[in-house]
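Here is a quick tour for someone meeting this structure for the first time. Have a look at the sequence and the model, then read on.

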Amino acid sequence: MAEVLVFVDHVDGAVRKPTLELLTLARRIGEPVAVALGAGAENTAAALAEHGAVKVLTHDASEYADYLVVPKVDALQAAVESVSPAAVLVPSSAEGKEIAARLALRIGSGIITDAVDIEAGDEGPVATQSVFAASFTTKSRVSKGTPVITVKPNSAAVEAAPAAGAVEALAVTFSAQATGTKVTGRTPRESTGRPELTEAAIVVSGGRGVNGAENFALIESLADSLGAAVGASRAAVDAGWYPHTNQVGQTGKSVSPQLYIANGISGAIQHRAGMQTSKTIVAVNKDAEAPIFDLVDYGVVGDLFDVVPQLTDEINTRKG
């Protein structure tokens, strides 16, 4: 069976959930070979093997932390040349998509971004995408070279599938461009204790109907009762009620959780583009004609200031 390269997103050896989802998808089309780079790369092997990686290629160098993107592209190119894979799968983050695009250009291949599913095809992997603000679903395959595919978080379940996970050193020669853009400083993001927005299984969002930054405490309380991430519409962010880092939509982040709860959000097309692939959508809005109700699985016509506190209390009561 052909091998499939999976680019590992990790923090000092702790593998992030989207990578484990990629391993599930990779097993559908071949044998997963993980590529882990940077500090702690060798520490990823146990988690990767548990989820199906037959081999883990590792390489550590200061360039991965000191410079942007290109050193990782150099390493992935080296892995492609070493393995000759059936496909390369990369998490669909901002960095991931830049790495994938540069890699595809380097190796003369086609690229598919923001896939939500992958299956085996007679002529290579077939990727499913949600396009045009999630109005259409398409199936595509790369017709030239080794397919490079970025996959959105929450597109597949994390499934244990123990494999060998043999660790091998990857030989990497950095290009002249690798040191072109240097990282001069880092500021750690303040932790809220909540899941990362793009990776969360549940997202609770607030919009214009929240009517003020102080009222986002209602949204946060509901999110915390569910162990969810907090999102916001563009209207709420533009009004200064919540940080832009939490904006969901075409000009913010795309999410695809198992459950999305929209509170006081009308359902403008640019917001729908960022959340329409959610598995189950619930909306609370006092306007029965709001466009969001055309999209939802469950809708509550009511004032969020009445509905959300009751919902939060009921969840907390059921939790014991």
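A search of the whole structure turns up 16 salt bridges, a salt bridge being a side-chain nitrogen of Lys or Arg within 4 Å of a carboxyl oxygen of Asp or Glu. Keep in mind that this is a predicted model, where local features need pLDDT of at least 70, side-chain atom pairs count only at pLDDT 80 or more, and totals for chains, interfaces and linings use all residues. Residues are numbered from 1 along each chain as its sequence is written, and side-chain values use heavy atoms, with hydrogens and water left out.

| Glu199 | Arg16 | 2.5 Å |

(Helices, H or I with at least four residues, and strands, E with at least two, are DSSP runs numbered from the N terminus.) Glu199 is buried at 16% relative accessible area, while Arg16 is partly exposed at 27%; buried means under 20%, exposed over 50% and partly exposed in between, using a 1.4 Å probe and protein chains only. Salt bridges with shared partners also join Asp9, Arg16 and Glu199 into one network.

Now for the largest pocket, with a volume of about 1700 Å³. On a 1 Å grid over the protein atoms alone, a pocket is an open set of points where a 1.4 Å probe fits, with protein on both sides within 12 Å along at least five of seven lines; lining residues have an atom within 4 Å of a point. The volume is the space filled by probe spheres set on the points, which are joined across faces, edges and corners. Of the 49 lining residues, Asp9, Arg16, Ser93, Ala94 and Glu95 are the closest to the centre. Helix H5 gives the largest share of the lining, 4 residues.

Finally, strand S4 (residues 31-37) has 6 of its 7 residues buried. Strand S1 (residues 3-7) runs parallel to S4, joined by 5 bridges, and strands count as paired if DSSP finds at least two bridges between them.
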